[in-house]
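Trainee: I am new to this structure and would like to see what the terms rest on. Please show it to me before we start.

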Amino acid sequence: RTQAEMAHTCRGTINLSTAHIDTEDSCNIVLSNGGRTYHLKANSEVERQRWVTALELAKAKAIRMRNNQSDDSGDEEPASQSDKGELHGALKTLSSKLEDLSTCNELIAKHGAALQRSLSELENLKLPAESGEKLKAVNERATLFRITSNAMINACRDFLDLAETHSRKWQRALQYEREQRIRLEETIEQLAKQHNSLERACRGAPGLSSGGAGIANTAKGDVQSTKGEASDEDEETEYFDAMEDAPAFITVTADPKHHRRSGSNLSGASEGHPEDWNLEDSVFDSSNQTSYNESTCKDLLPKKRRRTRIPDKPNYSLNLWSIMKNCIGKELSKIPMPVNFNEPLSMLQRLTEDLEYHELLDKAVKCESSTEQMCFVAAFSVSSYSTTVHRTAKPFNPLLGETYELDRLDEFGFRSLCEQVSHHPPAAAHHVYSKRGWTLWQEITIASKFRGKYLSIMPLGAIHLEFHSSGNHYVWRKVTSTVHNIIVGKLWIDQSGEIEIVNHKSKDKCQLKFTPYSYFSRDVPRKVTGVVTDADGKAHYVMSGTWDEKMECSKIVQSSHGSTSSEGKQKTVYQTLSPKVLWKKYPLPENAENMYFFSDLALTLNEPEERVAPTDSRLRPDQRLMESGRWDEANVEKQRLEEKQRAVRRRREAEAVEALEEGEDYEGYIPLWFERKVDPMTGELICVYKGGYWEAKDKQDWSICPDIF
């Protein structure tokens, strides 16, 4: 690349002309340039040497191209153009300082002459003899001062003339050194070519090995396909081709019909029973799943026809400067963000979207084994992220006291209720009851960190799931979501971190790892892996898949300790039966790209319904106007609602101050349908459903609901 191209290249590109190429061991290569470091891994030592040779050749070529770029500038001594610029700048600075000294010299001479005149006048006065002698001494010193100043100015002028005289000599010396360096680089390049030719002749290989070429093509394809998506890594980030925190286990598929224990190389291994892995008799049903509105079970057919589309998203241009200039001088909490950044759903509705694959929990109820049930719970925890892969828009922040209900008791056997229980920090409580044998509840607080090029969203709070018949109580927490390319480029979302699901009754555990996206990783993007273990730590199932497509489960029949990895970690080898698909993402509806990439369930969440509470998100006017495509009106309405909420908050703060002055306790905001209790499982203070909402809906008695819209 030329220097102009390098100035506009994407993140993740390294300038080979200034890079340092080093080798860690027999297979690893380290590329470093300033604060950026890349760790690459070859399949063998021979392949590593070929890549090092190719990189050295590319580095020499990059240096030569950089020099040729300077040669095209048209100057008579182009190779030292930057040095000449620095030299001319230094001479210009010296000239400027000389002019300053000349000005000072003129002032000194002027004031010195005036001083001598004054002293001469004093000498002519009739003063005592002693005073006359002192004046004469002062006059002589003033004369010496003026002579010294003139000498200093003359010396500076001579120095500047000498520097200008020798400038061409310095330039010629720099040019000679540069030519010597170029000749040395060309010699090194020739030696590298000869070395490469000798190596090929020795090994009989006409070019790079197929494995090496595969690495090159794969890396190139990955970079091109994701150039607009993943171009914002930090300057100080290290990029690893071979991830240091690689999976601590390896899976090998076994044939259940011919599986026999081999004690010779599987010492200390745990053994399962292949006959237990029966597709027909097990709840692990891998049949094709249909869309949300086309359930495979006849008793799940919806009794009410739901909408299948919403108005297309209007193509409004967004002037960022018009937003930023209105934010100058305002408090951050008072900056009205336009609906252009939103999607026509509230955070409460996005939280309800976690139930899109509720049938996984319905299947989990039928599991007789707690470890089998854990597999479905793990798949359910992953499925909640499938809707985020294309959903880069922000949901509406719920108003304090805002609620959202999703009553699908007759259609799918569950009913859900969410309420915004806190505004600073924003927190939402969620409760779901299913007549098919499970209850789910959670309180989620969103913490976010803006890091310039990306936004990290960290949901805080535990998710609880309890099955009625068995009493199994599962608890887990969400992983971190990262929105990349906040400032420049196409927005894209990644999920990273670990989820530990614990069954507090049986002590079974499932550790799921969400692998973060990497340019140079050979893993499948958005990969999720995990192992289900019992209370004794014995592994029973291996979970694998991606958070945006599907999750599979493989029953472990044998496990053993494998060889130690290069990082010093001992990997476990799991011999498993063929995997079975537990969850597969529903296809998006037709024209989803023009409907905010909503799924079939998401399209129905904001559908108007009767008999809901007056605080329900469906009745929020700014959100409804945005869904209808009237964004200008939605922005005005959104600002009105936010200002109304601020007024209510100021009134509460005034009441709190007044109560404090009178020595009384002030409870603050009390949630409508939830109450705060200490969670016996985690020891945290959370909001749990206290009842009364569905009874109030039956009676249509919403007298306790505040006027928030």
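Mentor: Start with contact, which means heavy atoms within 4.5 Å. This is a predicted model, in which local features need pLDDT of at least 70, side-chain atom pairs count only at pLDDT 80 or more, and totals for chains, interfaces and linings use all residues. Residues are numbered from 1 along each chain as its sequence is written, and side-chain values use heavy atoms, with hydrogens and water left out.

Trainee: Which residues does threonine 615 contact, leaving aside neighbours within four places in sequence?

Mentor: They are Gly401, Glu402, Thr403, Cys705, Pro706, Ile708 and Phe709. Threonine 615 itself lies in the loop between α10 and α11; helices are DSSP runs of H or I with at least four residues, strands are E runs of at least two, and both are numbered from the N terminus.

Trainee: Why is threonine 615 called buried?

Mentor: Buried means under 20% relative accessible area, exposed over 50%, and partly exposed in between, with a 1.4 Å probe and protein chains only. Threonine 615 has 0%, so it is buried.

Trainee: What makes the link between the side chains of threonine 615 and threonine 403 a polar contact?

Mentor: A polar contact is a pair of N or O atoms within 3.5 Å; within protein, one must be able to donate a hydrogen and the other to accept it, and residues adjacent in sequence count only if both atoms are side-chain atoms. The two threonine side chains are joined at 2.8 Å.

Trainee: Is proline 614 buried, exposed or partly exposed, and why?

Mentor: Its relative accessibility is 37%, so proline 614 counts as partly exposed. Proline 614 is also in the loop between α10 (600-605) and α11 (621-627). Beyond four places in sequence, proline 614 touches Leu619, Trp702, Cys705 and Phe709.

Trainee: How do you know that α9 is largely enclosed by the rest of the structure?

Mentor: Of the 14 residues of α9, 13 are buried, so the helix is largely enclosed.

Trainee: What makes a set of residues a nonpolar core?

Mentor: Its members are buried Ala, Val, Leu, Ile, Met, Phe, Trp, Tyr and Cys residues joined through side-chain atoms within 4.5 Å. The largest has 64 residues, and Trp438 is among those that touch the most other members. Helix α9 gives the most to this core, with eight residues.

Trainee: What is the average pLDDT of the protein?

Mentor: pLDDT is the predictor's confidence in each residue, from 0 to 100. The average is 78, and 75% of the residues score at least 70. Over residues 205-246, pLDDT stays under 50.
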